Amino acid sequence: MFRVKKRTLLLIAGIVWLIAGFNVARLGVLSYLLIESQWYLYLFSVIVFMLFGIMFFQMSRKHTKRILGYEDYRPFWHFFDLKAYIIMACMMGGGIGFRAGGIFPDIFVAFFYSGLGCALALAGVLFLRNYFCYARFLEKETTTL
């Protein structure tokens, strides 16, 4: 009933990561509006984006490879593995908890969340690219076996 084609798992992952990235980046941009931003904060946002972008790029490759190895139909929640769900829950819970507790000042939220959100959205774009280039990935998988 809740089973989808493995290609659809890439689409679901792309949508989830895009939504998460948009929401996190939105919080960062709103925090930029609350502070008197300096030029170096934008540089910090770019650095955060690059660091997390590299990590999420590698993660998207790993999950795409895992998804391609599945049989044709899987439950829709298999776009992540258990480890990824645990990491996501910890990051979301930590971020929400720290912000609600006032531990992170607006200046930190501004540059960190902007960079992190854009990197998350990039991961969504990568999964969507993998969805649209699915035939090429399957061809590549069968030639390497």
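**Notebook: charges and rings**

I started with R129, which comes out at 38% relative accessibility and so counts as partly exposed. I'm working from a predicted model here. R129 sits in helix 4, residues 106–132.

Next I looked at what surrounds that charge. R129 belongs to a patch of positive charge on the surface, together with R61, K65, R136 and K140. I checked which elements give two or more residues to the patch, and they are helix 2 (39–68) and helix 5 (134–144).

Then salt bridges. How many does the count come to? One salt bridge. I found E71 bridging to R74, with the closest N and O atoms 3.0 Å apart. R74 is at 16%, under the 20% cut-off, so I noted R74 as buried.

On to the aromatics. My search of the whole structure gave 19 aromatic pairs. I have both W17 and F80 down as buried.

I also looked up F104 and F108. Their ring centres are 4.7 Å apart and the planes meet at 40 degrees, so I logged the pair as tilted. F104 counts as partly exposed at 25% relative accessibility, and F108 is partly exposed too, with a relative accessible area of 23%.

Methods:
Residues are numbered from 1 along each chain as its sequence is written. This is a predicted model: local features need pLDDT of at least 70, side-chain atom pairs count only at pLDDT 80 or more; totals for chains, interfaces and linings use all residues. Side-chain values use heavy atoms; hydrogens and water are left out. Patches are made of residues with over 30% relative accessible area and no salt bridge: like charges are joined within 9 Å, nonpolar side chains (Val, Leu, Ile, Met, Phe, Trp, Tyr) within 5 Å. Accessible areas come from the Shrake-Rupley method with a 1.4 Å probe; for residues, only the protein chains shown count as cover. A salt bridge is a side-chain nitrogen of Lys or Arg within 4 Å of a carboxyl oxygen of Asp or Glu. Lys and Arg count as positive and Asp and Glu as negative; His and the chain ends are not counted. The place of a charge is taken as NZ of Lys, CZ of Arg, CG of Asp or CD of Glu. Helices (H or I, at least four residues) and strands (E, at least two) are DSSP runs, numbered from the N terminus. Buried means under 20% relative accessible area, exposed over 50%, partly exposed in between (1.4 Å probe, protein chains only). Rings of Phe, Tyr and Trp (its six-membered ring) pair if their centres lie within 6.5 Å; planes under 30 degrees apart count as stacked, over 60 as edge-to-face and the rest as tilted.
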